[in-house]
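These are my notebook entries on one structure. I set down what I looked up, entry by entry.

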Amino acid sequence: QMQLIQSGGGLAQAGGSLRLSCAASGNTYAIKQMAWFRQAPGKNRESVASIVWHNGNADYRNSVKDRFIISRDSAKNTVYLQMNNLKPEDTAVYYCTIRLLPDSNWNYWGQGTQVTVSS
């Protein structure tokens, strides 16, 4: 069993920055990958960024490349999302998720964090 606890987020002006954190507890030895998704009102949940746990390789959706940075602290079993140069279209509820060995699905989800960007 895993538990993901999110923190951070809130309100920012366009061009500003926010940082999200997500701490994992439980079967952390089996972490294969962690990611951030977001869901805006009336829209489907979409992936934002992901990171491979053992080597730190990251992947981003095109709209956040060069603005967002995903990172992890393996010792703390925590993943971060540094969001810079925020835009109003980044407004959404952000969720962290985790993929455990040997599964291919995103197994567990955090509670969600509201990010609101004003113009």
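Is Cys-22 buried or exposed? I found that Cys-22 is buried, because its relative accessible area is 0%. Buried means under 20% relative accessible area, exposed means over 50%, and partly exposed lies in between, with a 1.4 Å probe and protein chains only.

I noted the basis of the values. The model is predicted: local features need pLDDT of at least 70, side-chain atom pairs count only at pLDDT 80 or more, and totals for chains, interfaces and linings use all residues. Residues are numbered from 1 along each chain as its sequence is written, and side-chain values use heavy atoms, with hydrogens and water left out.

Entry on the disulfide. I looked for disulfides (pairs of cysteine sulfur atoms within 2.5 Å) and found that the structure holds one. Cys-22 and Cys-96 form it, with their sulfur atoms 2.0 Å apart. The pair links distant parts of the chain, since Cys-22 lies in strand 3 and Cys-96 in strand 9 (residues 92-100), 74 residues apart. Strands (E, at least two residues) are DSSP runs, numbered from the N terminus. The torsion about the S-S bond is about 55°, so I recorded the disulfide as right-handed. Cys-96 also counts as buried, at 0% relative accessibility.

Entry on Ser-21. I located Ser-21 in strand 3. Ser-21 is buried, with a relative accessible area of 15%. Its contacts (heavy atoms within 4.5 Å), not counting residues up to four places away in sequence, include Trp-36 and Tyr-80.

Entry on strand 4. Two strands pair if DSSP finds at least two bridges between them. Strand 4 pairs with strand 9 in the antiparallel sense over eight bridges, and Gln-39 stands opposite Val-93 in strand 9. Strand 4 also pairs with strand 5 (residues 46-52), antiparallel over six bridges. There Trp-36 stands opposite Ala-49. Strands 4 and 5 form a hairpin with six residues between them, and Gly-42 in the turn has a positive phi of about 75°.

Entry on Ser-17. I found Ser-17 in the loop between strand 2 (10-13) and strand 3 (18-26). Ser-17 is partly exposed, because its relative accessible area is 41%. Asn-84 and Leu-86 are among the residues that Ser-17 touches. The side chains of Ser-17 and Asn-84 are joined by a polar contact of 3.0 Å. A polar contact is a pair of N or O atoms within 3.5 Å; within protein, one must be able to donate a hydrogen and the other to accept it, and residues adjacent in sequence count only if both atoms are side-chain atoms.

Key: Helix = DSSP H or I, 4+ residues; strand = E, 2+ residues; numbered from the N terminus.
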